[in-house]
Amino acid sequence: MPTATVSQRKIRVLVAKPGLDGHDRGAKVIARALRDAGMEVIYTGLRQTPEQIVNAAIEEDVDVLGLSILSGAHNTLVPKILEGLKAQGADDITVVVGGIIPTDDAARLKELGVAAVFGPGSSLKEIVEFIRSHARPR
Amino acid sequence: MGGLDVSRTQDRLSPMAQSGLERKPRFLTTSGVAVKGLYRPDDVAALDYNRDLGDPGCYPFTRGIHATMYRGRLWTMRQFAGFGTAEETNQRFRYLLKEGQTGLSVAFDLPTLMGYDSDHPRAEGEVGVEGVAVSSLADMETLFDGIPLDQVTTSMTINAPAIVIFAMYLAVAEKQGVPFDKLSGTIQNDILKEYIAQNEWIFPPRPSMRLITDIFAYCAEHVPRWNTISISGYHIREAGATALQELAFTLANGREYVRAGIAAGLDVDAFAPRLSFFFNSHNDLFEEVAKFRAARRVWAKLMREEFGAKNPRSWMLRFHTQTAGCSLTAQQPYNNIIRTTIQALAAVLGGTQSLHTNSLDEALSLPTEEAVRIALRTQQIIAEESGVANTVDPLGGSYFVEALTNQMEQGVWDYFRRIDELGGVIPAIEQGFFQREIADAAYEYQRRIESGEQIIVGVNAYTIEEETPIPILKIGPEIEAKQRERLARVRRERNATRVKETLAEVRRAAQEGDNLVPPILEAVKAYATLGEIIDELRGVFGEYEEVLIL
């Protein structure tokens, strides 16, 4: 095995479930798909506060933060997480959101700095490829 | 590979497939079970009519729990609703009753489901969003304002804090002057499936089971027509389980509740007739019908043979069905009306007692009033126009459906054996058994969609440039402010001493093992909030910690 250079380092992804939402089917399927695609995946488990998620993303030194929200609370939770990352100087972490997000809300989240929003029916291949090409550069 | 049959079926290509006459190498149900091209008498050669099917209304109830089924009375059309404040949901209930709905079904918001008041910091952004916010008796009074509780049946989807919400309902009845023995309805109250799939738990499993048996005991004595639990496969399926897993895990949970009731000193026939079930109905018509028919047969055998129940009502599995939310697509959303129709048809052909049909827009948001009306009309068209309600169990005797029913039943017994080997349902939860089985099945299903083996119309085939978005219902942030204000007023105006006294009594009963329904009823009548009562219980019972399975 050749020594991994910085650019060959595996992409590290934190998959997180903010808020009170317990629907974790999507988060778990995505986590497995990313892992099968050769990424290092950390899953927070349910009901994390925005602070807990920001801290975990920084401590785990991830390149990508994937948020899964199906409760409709995305307009409250996602901005808090983005602000938290910014306050800690970690806003170069690529943030993607998955779940039930109405189209106009998705547009607003993207304006705030979310790289992509994946709704129901998104293909795993599409998500994997997006993360590969948009993970923050190391 | 968990409970999936996929890997085992791969090497079993049919002769027709091998000869190249069939259009694909294998034909699978939605759950990944291989289906043959033709079923014949020898597939059900061992079937004995009286032993395995029986006439409708007769043991083992495979063909239905009533002799006349829908010729006697149609199923209850019960649309789940709830959003915003209690006033808004009250308006939606009145609308649905006016449109011919025959029962109410309450959706609570996430803070309520988790036992948090609307003004708790963790509730921020979630108040009234996914259901109605209920923090105190005042909200419950508004929710049922103008709806006489002796004239409707009400189903409430509430689990971890079920005992508190149920006490609030009793208190509203008391205020309306309705005696408890005239109340009819259901609380979901099924905590085991929360640990397995739905994830809205508060306390650890064992004290949670005690809350449930307290409700069994209280209702057996005081609220005899109330369905004390709705043992739910719905959420297990939504989390990604196969049809067989949904059935097996749900019946395993049912068996566990019966054991707990008996262990708490109750006579099985005193509480078993009030147990009810709640299943999902997914896309695969015959697989779903077989699931419902097998459910009744397994339960009847279990109750009569294993638990020795004497009352035939204890043997009968009664169930509510909801069409599969996870089958709905955000793409070409009007197609969801057709999916829902097929799923509703399966529930009716399977002999459901009540039915919720999802609205076409639910992969996008909460349903609009128009979308809800179409969903209700779907049921009415099946009931009044399709003719399927004219005869009982019309698919009974079909070689295919009977073979699938047998296969489903056998699969359940096999899962029961595996669960027992792990020490029962709670140890299996603690070992992550169910969680892993479901995650495996969900991933496998997604991979079949990715590979194109499982076609989803509008998603991985027959796609279009999406048209202009359909109208959706949005819950504004002003709801949260309004609800917090209501709650602040309740806290201001109630008798603080009385609240303190009744809460202390709740804690004492929790510690000493007394039935918790009476002290919680007193506390809610004093306008102690949901969050305050749950905090007392949490102080005694502790909190559950998630078993992380990936």
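## Fold of chain B

Chain B holds 23 helices and ten strands in this predicted model. The radius of gyration is 23 Å, close to the 24 Å that the globule rule gives for 550 residues, so chain B is as compact as a globular protein of that length. Its C-alpha trace spans about 80 × 60 × 45 Å along the principal axes.

Of the 550 residues of chain B, 52% count as buried. Take the contacts in chain B with a separation of 6 or more: 76% of them join residues 24 or more positions apart.

## The largest nonpolar core

The largest nonpolar core has 194 residues. Within it, B:Ala167 and B:Ile520 touch the most other members. Helix 7 of chain B (residues 162–176) provides the largest share of this core, eleven residues. Two domains of chain B, domain 1 (41–73 + 188–451) and domain 2 (480–541), each give the core at least three residues.

B:Ala167 also shows contacts beyond its neighbours within four places in sequence. These partners are B:Val517, B:Ile520, B:Leu521 and B:Val524.

## Where chain B meets chain A

At the interface, 32 residues of chain B are in contact with 28 residues of chain A. On the chain B side, helix 5 (110–113) and helix 19 (433–451) each supply at least two residues. Helix 19 gives the most, with five residues.

By residue class, the side of chain B that touches chain A divides into 17 nonpolar, eight polar and seven charged residues.

Terms used:
Residues are numbered from 1 along each chain as its sequence is written. Chains are lettered from A and ligands numbered from 1 in the order in which they are written. This is a predicted model: local features need pLDDT of at least 70, side-chain atom pairs count only at pLDDT 80 or more; totals for chains, interfaces and linings use all residues. A nonpolar core is a set of buried Ala, Val, Leu, Ile, Met, Phe, Trp, Tyr and Cys residues joined through C-beta atoms within 7 Å. A residue is buried if 20 or more other C-beta atoms lie within 10 Å of its own, exposed if 12 or fewer, and partly exposed in between; C-beta atoms are placed from the backbone. Helices (H or I, at least four residues) and strands (E, at least two) are DSSP runs, numbered from the N terminus. Domain bounds come from an automatic or database domain assignment. Two residues are in contact if their C-beta atoms, placed from the backbone, lie within 7 Å. Ala, Val, Leu, Ile, Met, Phe, Trp, Tyr, Cys and Pro count as nonpolar, Asp, Glu, Lys and Arg as charged, and the others, Gly among them, as polar. The radius of gyration is taken over C-alpha atoms; the globule rule is 2.2 Å times the number of residues to the power 0.38.
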